[in-house]
Amino acid sequence: MEDVLGPYEANGVRVPALAQPRQHLAVHPRILEGYPVIAGSRVPFHIVAALADEGAKPAEIVEIYPSVDPAGVPDAQDFARDVARAAA
């Protein structure tokens, strides 16, 4: 299973690691059925990335989701870009 969850390259596209996608992101089967979230929270990475991409500052995101570590915001954006690239 590690070969599927770890990073790999397919058809010239780098697919990011899914077991530990970024330092401030977490994947746990009991939290949102294994969907990547901001570590220490239940907030999906794509929600945080979308807010940041729309111009919300990390402090504003933390006001909305107090369990989110502001350091997770750039990780969420970076991972969202990797996922979008891999899906294209």
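# Chatting about L25 and its neighbours

User: Leaving out residues up to four places away in sequence, what does L25 touch?
Analyst: L25 touches Q20, V37, I38, A39, F45, G72, D75, A76 and F79. A contact here means heavy atoms within 4.5 Å.

User: What kind of model is this, and how are residues numbered?
Analyst: This is a predicted model, where local features need pLDDT of at least 70, side-chain atom pairs count only at pLDDT 80 or more, and totals for chains, interfaces and linings use all residues. Residues are numbered from 1 along each chain as its sequence is written, and side-chain values use heavy atoms, with hydrogens and water left out.

User: Back to L25: is it buried or exposed?
Analyst: L25 counts as buried, because its relative accessibility is 1%. The cut-offs are under 20% relative accessible area for buried, over 50% for exposed, and partly exposed in between, using a 1.4 Å probe and protein chains only.

User: And where does L25 lie?
Analyst: In strand 3, residues 25–26. Strands are DSSP runs of E with at least two residues, helices are runs of H or I with at least four, and both are numbered from the N terminus.

User: How many helices and strands are there, and what pattern do they follow?
Analyst: There are 4 helices and 4 strands. Reading along the sequence, you get α-β-β-β-β-α-α-α.

User: Which residues make up the largest nonpolar core?
Analyst: That core has 12 residues: L25, I38, V43, F45, V48, A49, A52, I61, V68, V73, A76 and F79. A nonpolar core is a set of buried Ala, Val, Leu, Ile, Met, Phe, Trp, Tyr and Cys residues joined through side-chain atoms within 4.5 Å. Helix 2 and helix 4 each supply at least two residues of this core, and helix 2 gives the most, with 4.

User: Why would nonpolar side chains be buried together?
Analyst: In soluble globular proteins, nonpolar side chains tend to be buried together.

User: At what angle do helix 2 and helix 4 cross?
Analyst: The axes of helix 2 (residues 45–53) and helix 4 (residues 72–87) cross at roughly 100° and come within 8 Å. So helix 2 is roughly perpendicular to helix 4. Each axis is a line fitted to C-alpha atoms over the stretch in contact, with angles running from 0 to 180 degrees between N-to-C directions. Roughly perpendicular covers 65 to 115 degrees, while under 35 is roughly parallel, over 145 is roughly antiparallel, and the rest is oblique.

User: Which residues meet there?
Analyst: From helix 2, F45, V48, A49, A52 and D53 meet V73, A76, Q77, F79, A80 and V83 in helix 4. They divide into 9 nonpolar, 1 polar and 1 charged. Here Ala, Val, Leu, Ile, Met, Phe, Trp, Tyr, Cys and Pro are nonpolar, Asp, Glu, Lys and Arg are charged, and the others, Gly among them, are polar.

User: Leaving aside neighbours within four places in sequence, what is F45 in contact with?
Analyst: F45 is in contact with L25, Y35, P36, V37, I38, A76, F79, A80 and V83.

User: New topic: where is E33, and is it buried or exposed?
Analyst: E33 lies in the loop between strand 3 and strand 4. E33 is exposed, because its relative accessible area is 78%. Its phi is near 55°, a positive value in a residue other than glycine.
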